[in-house]
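Dear colleague,

I am passing on the structure we discussed, and below it you will find some notes on what turned up when I went through it. Please read them with the structure open beside you.

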Amino acid sequence: DWTPQSFVEETVEALQEQIGNDKVVLGLSGGVDSSVAAILLHKAIGKNLFCIFVNNGLLRKNEFESVLSQYEGMGLNVKGVDASARFLDALAGLSDPEMKRKAIGRVFIEVFDDEAHQIKDVKWLAQGTIYPDVIESVSATGGPSATIKSHHNVGGLPDFMKLKVVEPLKALFKDEVRRVGASMGMDVSILGRHPFPGPGLAIRILGDITAEKVRILQEVDAVFIDNLKSWNLYDKVWQAGAILLPVNSVGVMGDERTYEKCVALRAVESTDGMTADWVNLPYEFLQKTSNEIINKVKGVNRVVYDISSKPPATIEWE
Ligand code: XMP
């Protein structure tokens, strides 16, 4: 009979056998899969696990700092690398969604490779790959492993891709990964986290990306997500986020007409991201959230709610 406890025991033993005293590098994304993989490996090999958490500048508001300190609190040997400026530079002037994804994938690989080189004699690359990633070509869960997979053929193989690969969650489904994490005492704030795409807010800012647009979207997104949590709606939603639209619309403030940004809110129910329904959020919630966004976030004067289901409307707008 499969239980999370027996899985942990057997996997820790197998990892110790397989890895011995070798060093392992792992890219943390803040997501469930890479976090559980890290804790499992940490249990098996301790300080020989070297985690790298890259800030691409496209994460949620305060996410890098708060997740990094959570990782440190769990005893992980983790290095936070703030490469925001490098990613923003690479994205400058790009509007095409696939070009944006490629630029982000390329810079991620460069940054990760630089960091991996600084770990002396590293032998293994650990990844939080789960069973659905193995059977589907595109990961719905995102994170460094997805980024690496879809971009490893750009410009030759980086050195860390030549390492031996260890994927301790490869046979598990998402709910099993969460149970394994819980059985190791991991916090629900990590295990219950919504999926978040590897390219982050870059694909939620339609059109080209600037630091100012990222700031606006982070503020809007934070109001939306904080409200979902305080209304106890966060766990009823599979994924939620805000989209910064490439349109300005007219508003009125006092006697003045404004011409400012419009944002869309999206919240979906789903089991695997392949199909999705928009969530029937309470009108009162939408009303309060919309008011709060418009009052708090400078540069935004209109909020709309996305009531499209997948198919045909994808969860992300890009
Ligand atoms: P769509 O928009 O295709 O999204 O309905 C389905 C799921 O995949 C996520 N997604 C991505 N994840 N890199 C990722 O790591 C990407 O480029 C990407 N695009 C979409 C999306 O957030 C949703 O969970």
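In this predicted model, helix H4 passes helix H5 in a right-handed crossing. The two helices, H4 covering residues 84-91 and H5 covering residues 97-117, pack at an angle of about 145 degrees, and their axes are 9 Å apart. On the H4 side the contact involves Arg-86, Phe-87, Ala-90 and Leu-91, which meet Lys-100, Ala-103, Ile-104, Val-107 and Val-111 in H5. Sorted by class, the residues of this contact comprise seven nonpolar and two charged, with no polar ones.

The crossing of H10 over H11 is right-handed. H10 contributes Glu-219, Val-220, Val-223, Phe-224 and Asn-227 to the contact, while H11 contributes Phe-285, Lys-288, Thr-289, Glu-292, Ile-293 and Lys-296. Here the classes are five nonpolar, two polar and four charged residues.

Finally, the unreviewed UniProt entry carries a "binding site" annotation that covers Ser-29, Gly-30, Gly-31, Val-32, Asp-33, Ser-34 and Ser-35. Of these, Gly-31 lies in the loop between strand E1 (23-28) and helix H2 (32-45), and Gly-31 counts as buried because 23 other C-beta atoms lie within 10 Å. Ser-34, which is placed in helix H2, is likewise buried, with 25 C-beta neighbours inside 10 Å.

Technical notes:
Residues numbered from 1 in each chain as written. Predicted model: local features only at pLDDT ≥ 70, side-chain atom pairs only at ≥ 80, totals over all residues. UniProt positions renumbered as here; feature names shortened; annotations may be inferred. Helix = DSSP H or I, 4+ residues; strand = E, 2+ residues; numbered from the N terminus. Buried ≥ 20, exposed ≤ 12 C-beta atoms within 10 Å, placed from the backbone. Axes fitted to C-alpha atoms, helices over the stretch in contact; angles between N-to-C directions. Left-handed = near helix turned anticlockwise from the far one by under 90°. Contact = placed C-beta atoms within 7 Å. Nonpolar A, V, L, I, M, F, W, Y, C, P; charged D, E, K, R; others polar.
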